[in-house]
Amino acid sequence: MAQNKHNRFVMRDRQWHPRPYAPAYKTSVARAPQQPLVSLQTPTASELTGPDFDRFALGRFDNDLLLNFRSGTAQDGLPIGERIIVHGRVVDQYNKPVAGTLVEIWQANAGGKYRHIKDGYLAPLDPNFGGVGRTITDDDGWYRFRTVKPGPYPWPNDVNSWRPAHIHVSVMGPSISTRLITQLYFEGDPLIPLCPIVNTLDDPEAVATLVARLDKAAARPMDCLAYRFDIVTRGALQTYFENAS
Amino acid sequence: MTRPTHDEGLSYPETPSQTAGPFVHIGLALDVAGLPPRASEIGPEIAAADATGEAIEIHGRVIDGNGDPVEDIFVEAWQADAHGVYQTDYRAEHAFRGFGRSAPSATDDGWWTFYTVKPGRVAHPGGQPMAPHINLMLFARGINIHLHTRLYFDDEHQANAGCPFFNALPPSRRDTLIARRDTQADTPRYRFEIHLQGPQETVFFDF
């Protein structure tokens, strides 16, 4: 077999992750499994491998949401909203950089509207904003996007539920064991502690790790502000070799 | 900011999960959101028509605790090639990619599809071969941390019976991982219903 070298990973701390069944987030009630998860004491190649996107060809503007939805002519405008850089490092739990991994983001526009056929919010679409980006981390685990700060928006949960401004972030890591989708929030947003989705996390320190910090040193003067958001994937443990067959 | 903890040596906590939400498609399945494709997309074609192996389709649906199909589900699949090897170097130009993404469109009543080849047998760490299977990951609104499961095939009786992984599962629940060959379809096609809750609740894994 070609793939005979696998890392194992630090086990996932499911008390730190959100509760699957969280009644204040109403949709979770009918979608959270009721049986306990089956724990794999001996993960196999199926769990310890995963797709490597290091050589997956991306487009030149895939990580630049300010430019990647303009319809083509030089006269086209830029999206409305606060221009920001969102950047950070992907590291594992031992602070080792996760290089060459796929990081994908999606978000609402500055008015809180998604470019999605099912988003019925009355805020307008921005003709110059798609709201989707992707990039591959560099050798030190760094990623970088340019975008606008998304707006908060109402959603049907309680009568008057509002999501804090957020960007959805997806990271693959070295195997399907490290696969992770999360949300990035912004420092200082008063809606964060009121959000039933944020509050699926029990530990305030877990919430704090999802709050991007203003990174003024990385701002571009007279151009855009910057926010720093580091991502930690499961730590790789010892390597073992399975018998080749 | 992230701080180190002292379990497992000096380590940082993993970034916690949050739901992928109802609009996951604009980021990861652009066609379903109504967005134009970029130069390359990761789609439901795990294997192209010219890949080695038996071409099959997986036709699946996820059912919630009320018995309703989860129409905003987003599914990822990871599988070995026809020789039982995980091909980790993902490239759009490869005939066999090993990884795919699928989500139902508005008119699909919750059904999603993968186009692939039947995977070969991968060795269990103990040395015995596992039965052919596809690893699936489920993301959606209301799912706060994604769910891992496996799909096995109903026409692989012998392989399933000898699979050390499959047979370690509680006997009453093994059947929840079996996809059924659809004998009405023109192309070899398997149907797989995943139940998030209830008496037929699918086995989900922690690893």
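Among contacts in chain A between residues at least 6 apart in sequence, 71% link residues at least 24 apart; a contact means heavy atoms within 4.5 Å. This is a predicted model, in which local features need pLDDT of at least 70, side-chain atom pairs count only at pLDDT 80 or more, and totals for chains, interfaces and linings use all residues. Residues are numbered from 1 along each chain as its sequence is written, chains are lettered from A and ligands numbered from 1 in the order written, and side-chain values use heavy atoms, with hydrogens and water left out.

**Chain A overall**

Chain A holds 2 helices and 14 strands. Both kinds of element are DSSP runs numbered from the N terminus: helices are H or I with at least four residues, strands are E with at least two. The C-alpha trace spans about 60 × 45 × 35 Å along the principal axes of chain A. For 245 residues, a compact globule would have a radius of gyration near 18 Å; chain A has 20 Å, which agrees. That radius is taken over C-alpha atoms, and the globule rule is 2.2 Å times the number of residues to the power 0.38.

**Chain B overall**

Chain B has 4 helices and 9 strands. Their order from the N terminus is α-α-β-β-β-β-β-β-α-α-β-β-β. The C-alpha atoms of chain B fill a box of roughly 50 × 45 × 40 Å along the principal axes. With 207 residues, a compact globule would have a radius of gyration near 17 Å, and the 18 Å of chain B agrees. In chain B, 67% of contacts between residues at least 6 apart in sequence join residues at least 24 apart.

**Burial and surface**

Buried means under 20% relative accessible area, exposed over 50%, and partly exposed in between (1.4 Å probe, protein chains only). By that rule, 54% of the 245 residues of chain A are buried. For chain B the share is 61% of 207 residues. Chain A has an accessible surface of about 10,800 Å², 54% of it from carbon and sulfur atoms. Chain B exposes about 7,800 Å², with 48% supplied by carbon and sulfur. These areas come from the Shrake-Rupley method with a 1.4 Å probe; for residues, only the protein chains shown count as cover.

**Selected residues**

| Residue | Relative accessibility | Class |
|---|---|---|
| A:Arg163 | 3% | buried |
| B:Thr176 | 13% | buried |
| A:Asn95 | 37% | partly exposed |
| B:Asp109 | 41% | partly exposed |

A:Arg163 sits in strand β8 (residues 161–163) of chain A. Its side chain makes a polar contact with the side chain of A:Tyr185 at 3.0 Å. A polar contact is a pair of N or O atoms within 3.5 Å; within protein, one must be able to donate a hydrogen and the other to accept it, and residues adjacent in sequence count only if both atoms are side-chain atoms. Leaving out residues up to four places away in sequence, A:Arg163 touches residues including A:Trp155, A:Leu191 and A:Cys195.

B:Thr176 belongs to the loop between α4 (171–174) and β7 (178–181) of chain B. The side chain of B:Thr176 reaches the backbone nitrogen of B:Val203 at 3.2 Å. B:Phe192 and B:Gln200 are among the residues B:Thr176 touches, not counting those up to four places away in sequence.

Two loop residues have positive phi. A:Asn95, in the loop between β3 (83–92) and β4 (102–107) of chain A, has phi near 70° and is not a glycine. B:Asp109, also not a glycine, has phi of about 55°. B:Asp109 lies in the loop between β3 (99–102) and β4 (112–117) of chain B.
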